[in-house]
Structures are given as C-alpha cells and as structure tokens.
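The notes follow in the order in which I took them.

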Amino acid sequence: MSRTILIDPVTRIEGHSKITIYLNDAGEVRDARFHVTQFRGFEKFCEGRPYTEMPALTARTCGICPISHLMAAAKACDEILAVRIPETAAMLRRILNLGQIIQSHALSFFHLSSPDLLLGMDAPPEQRNILGLAASHPEMARDGIWLRKFGQQVIEKMAGKRIHPAWVVPGGVGSPLSPETRDWMLGQIPEGIKIIQRVLEWYKTTYSQFTEEIEYFANFPSLFMGLVSDDDYLEHYDGTLRVVDERRKVVAEGILPSEYQDYISEYVEPDSYLKSPYYKLMGYPEGIYRVGPLARLNVADRIGAPLAAVELFTFRKLSKGSVLSSFHYHYARLIEILYGFERIEQLLNDPDILSEHVRAHAGPNRGEGVGMSEAPRGMLLHHYKVDRNGLITWANLIIATGHNNLAMNRGIAQAAKHYVKGDKIKEGALNRVEAVIRCYDPCLSCSTHAFGEMPLLLQLVAPDGKVLDETARAI
Amino acid sequence: MKPRAQSEKHAHPTTLVIGYGSALRGDDGVGPAIAEWVEQQNWPGVTALVIHQLFPETAEEIARHDRVIFVDADLGGSTSLVNQPLEEASDRLMAHRCSPGALLRMARELYGAQTIGRLITIPARNFDIAPEFSPKTQHFIGKAQALLEKLCSENEWKIECTNSA
C-alpha cells in the first residue's frame, strides 16, 4: 500500500503552500509535490488599465518585493514609450533595486533561515525562529536587523516610503537624488560591509557542518538562468539573459527581453497555482532551470566589486562547474549583500548621480513591451500589450519563484527520499523538507500574484490516496 | 545601537506611538491614522511611527524610547476601547509580522532596553478594501486621541485600563 505525507502549511516562507509526500508499497518515498494553494490573478485584472499605472499596480502584488515589480514594470513601460531613460535615472533605479535585494536577502538569511543553521535543524520549532535567535545569538539577530533596516531605509529615503512607493515611473524616476540622501547612504556603507564580512566569515566556518544537507538539499544537475551585463558581469537591472548548464557551460546567451518566448515556455501543473516555466529548447520537464542568487553567481563570469570578487573566488571552489546544491543559495545570498554595498557605493560616487535629468517623457509609441530585471529571488519578467490609447490589453508576469518551481519540486523529492522514513512525520525530517524550500526563499504572493495567508501543510499519502499522517502548522 | 543608559533618559520619558495596519483596508487603517494625528501634535518627547505591519527591526526603534504605545484595530468583536499594559511575549515570529509583546522582548534581549509598553485597541468592524472607517471605529477615534494625549503627557502611567463604550 503506498501512502502520502502532507506538510501544510510550509512555514517561514512568504505565502501559503503545502507539500505532499507520496509513499510506495514498500513505505519508501516515491515522489513529493510542492503545491501553492492561493490564487489572485493579477495578470487578468491589469487588463484595461493605463500602462502608466502598471508599476504602481503590479507592485501591489507583494509587500516584500514591490521594488522588483516596479523595476520590471517600469522597464516594460520604457519599451512601450520607446525611450532610452537618462543614465542617472538608470543608476538610481539600480541603487533602489540593490537596496531591495539587501533587505530581502537579510530577511531570508537572518530571519528565516539562520535559526536552522544556528540552532540546528532538529531544534524545537518554538525556538527555531528569529525570537529564538535573539535569545541565543543576539549579535547575529542585530546584524540581520541592521542590514534589513538599511535596505528599507534606502528605499524609503530614495522613493518616499518603504512599501509600495511610486517613485519609479515609465521613463525614469520621479525625482533626483538629494545630496543628503547620497551622503547618508555613503556614511552607512562601511558599517554594512563590516557586518556582512563578519557574517560571511562565520558562514564559511559553519556550512561544513551541514554536509548531509548540502548533499541532499536540491543537489542535482540543472540549467541556471540569470541576467549578465554585456561584458559578462553580475547584473541585476539590465543586460541580457544567459543560461548555463551544470558544468557552467553556456547553453544560450545574449537573450533579449523581447526574445524570452523563444526560450521560456510555461507549463501549468494540475495541483498548484504556481506556474512551471521551463527552458523551451529542452522541453518539459527536462528543461528545468534555477534562478536567483545561486544562479546569478553561476551564470556571471565576473562580479565587478573587489571584496565580493574575493568571496566569489572562494565560492567557485565549491565546484568545478556550476554550484549545484541549493543549500548554497544561502552563501550566494550573503555574497550578493556584500556586492550590493560595494555597488551602491560605486554608483553613489558617480559624478552624475545628482543630475536632475532623471526622466524621459513620451507617449505610447509601441504596442508591446517586455521588462526584465533581477529580483532578490531571481529573474522577474513583465510583458504588456497595449492598445493605441495605452490601455493594457494583455499582461504576462513570470516571477522568480515560478522559474524555480520545477527545481523546488525536484528538490523536496530528493530531500524527502533521504530524510522521510516510515509513515510518521518526524519534526527534524519535516523541517529539512521545508528548509529545502526556504533555500529558494520563495515569495508565493508574487509568484501566484496571490492573496491571503500562507502556512504550510505536510501530508504523508498512501498509494491508495489515504492520508497516513499530516502536520499543519500556523506561521 | 547601544542601549540607553538611565543617565541618558530625559526628565520626561520619551514615548513612541506605533500605529499599524493597512490604510487601504477600512478600519485596519485606524492605527496609522491615529499615529499620523499624534505626529501632527508635536508633543515634546513623543515620536510617532506609522507602519503597515510590525517588523523585527521595529524592536530597535522601540529600544530608543522609554515607553511605547501600540495602536491597533480589533476585529474581534470588542465594543470598547481597550488600553492595557503590554507584557513581553514569546510567540513565534514571522519574518514580517510580529506581535507587540514579542517586539518588546526583542528590544530588551537585543538592545538591553527597559522600555515599557501599552497596547490600545480600537473596536473595528470592517477590514475589506474601503477608504473610510466604519461608524463604530469612527466613534472611538476621538476617545483614543484623548487617551493618547493623557498617556503621552503623564510622567508615570497611572491608567491601567480604559474602557469606553
């Protein structure tokens, strides 16, 4: 008799989901599925709205990563305007995006995942959270709070408010950077670099304690996809898409936003509201690929920030090819935080950063626009079509978490096969299956454009469909 | 951030008023609306913070003050304004959603703060998308403002609980 385990809700992620683990007749894990159980349908209700509203409208998809949606939406609208935005506006958007990445990565690593690393995967769940971290490792908790606060303050000072600012607009940004805000950010950067370097040093002495998790946390060959600059540097705002394989061999590169449909197709699974994009040239489901910090470090040749470059050199030693274990998303995230501080400093020291020429004005000159940028969790794509009055007639959003959907499913199946034994769910095993998902830092509100809470349910299901055991946890 | 030493404290205690909730969702926006009102009063030693949700990093801001007053909407069917002392809580925290009591605890554990807290909850009836407050919530706004004025002006809090039907 085969059986099923259900984890519902998945905890310490953004949104609501459940995991089902299917057992075979021998009581061994046959498969595992990650279901996203919320739906909102943002793409549909964008229809009929003026394209000028799209940055502000789509930013409402999420309270965690609204800046990412602002970026992709504004870039799609730039295409509809058919303008090249002022260079200063592009630099300011870059800084804002990096502020978002720093605060989001800090949230993911310190608030959501570091309790697993510091308190142990088998620690009681009531301790394995940020409050437990504050009690046992207050310096680490303070570091996380400092980094997240910095990123949020960058957003607030530049764009007016931390959540859902309207500063990024089609054609550029709403206002120039003030000297006071530039000086404030420059003054904070040394402390930020000091903190993240301290955390990186700690992390590098710690992750070796997790050899088993590294081995079984979504550690498999796949493609990796991310933006790179024209000269092959790490890129979060512009550039073109590159796809590499498990050997870090380039499979495709120079993919323009407008060409994405030649390379990415979307499959809809019957048991989840989360779309399953795949690399079109390899088909479904073989065209599985990963995006996000791990993918970005795998696809880029260089990083363009001296301290982060040293860390990237060390990171590369993890593998001769692409770094395959999703456990190392954590490491990549920390390196990107360091990169973010260095890159913001470089941009703030540009002589034109205070220029008042920050917006290009035009009406709709094209009927279609695609915008791509790198959100904290990976490549984000907005594609709009408009009528001659500039009203949206069709919209497609492909979100980072969606890109990772197939990889997350394969990853939890791998972890479940290793950690789940018998027909009862043990807490340590449950947490490890969930922790695989947390490596990807999924934002399900974004990826389904969904509404509502998101706890996690885990179910153990027999071959006849009978639920043998289940654990439902509130957040 | 260094914890505040006693000698740094003002003769009049500093007070942080945190109004939290979504301004887009009817009565849920009453906390932010009241915090905005407090900000406009420019009371000495009083700072107002308007936020969508309570974040872990709010603990740092709390630790900078001697006292904190949280203002929230209560959809639980209450019929009166409640003003209660805030106890430290050990509930589990979400990444971007904390309880007032957990934040008070974090302020002490992370920053050595001795901040004391109050929680004012205002009866609410509607958290749907709406630009205005329900009559029930509207009824209590003036009472909440008067209560806050009193709490912020007192050197030592004497009111343990206020019920105003």
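I took buried as under 20% relative accessible area, exposed as over 50%, and partly exposed as in between (1.4 Å probe, protein chains only). The model is predicted: local features need pLDDT of at least 70, side-chain atom pairs count only at pLDDT 80 or more, and totals for chains, interfaces and linings use all residues. Residues are numbered from 1 along each chain as its sequence is written, chains are lettered from A and ligands numbered from 1 in the order in which they are written, and side-chain values use heavy atoms, with hydrogens and water left out.

**Entry 1**

I counted a salt bridge where a side-chain nitrogen of Lys or Arg is within 4 Å of a carboxyl oxygen of Asp or Glu. The structure holds 31 of them over all chains.

I looked up A:Glu79 and found its side chain in a salt bridge with A:Arg366 (3.1 Å, N to O). A:Glu79 is in helix α3 of chain A and A:Arg366 in the loop between α11 and β12 (368–375), 287 residues apart; helices (H or I, at least four residues) and strands (E, at least two) are DSSP runs, numbered from the N terminus. A:Glu79 is partly exposed at 34% relative accessibility, and A:Arg366 is partly exposed at 41%.

I then noted A:Lys275, whose salt bridge with A:Glu43 has its closest N and O atoms 3.2 Å apart. A:Lys275 counts as buried because its relative accessibility is 18%; A:Glu43 is buried, also at 18%.

**Entry 2: the two domains**

I recorded domain 1 (88–162 + 178–218 + 335–341) and domain 2 (220–324) of chain A, with bounds from an automatic or database domain assignment. Their centres, taken over C-alpha atoms, are 23 Å apart.

I found 18 residues of domain 1 of chain A in contact with 20 residues of domain 2 of chain A, contact meaning heavy atoms within 4.5 Å. About 1,600 Å² is buried between these domains, 63% of it from carbon and sulfur atoms; this is the accessible area (1.4 Å probe) that two parts lose on being put together, summed over both. In domain 1 of chain A, A:Ile335, A:Glu336 and A:Tyr339 lose the most area to domain 2, together 39% of what that side buries.

Which residue forms a salt bridge with A:Glu336? I identified A:Arg296, with the closest N and O atoms 2.6 Å apart. The count between the two domains is 3 salt bridges.
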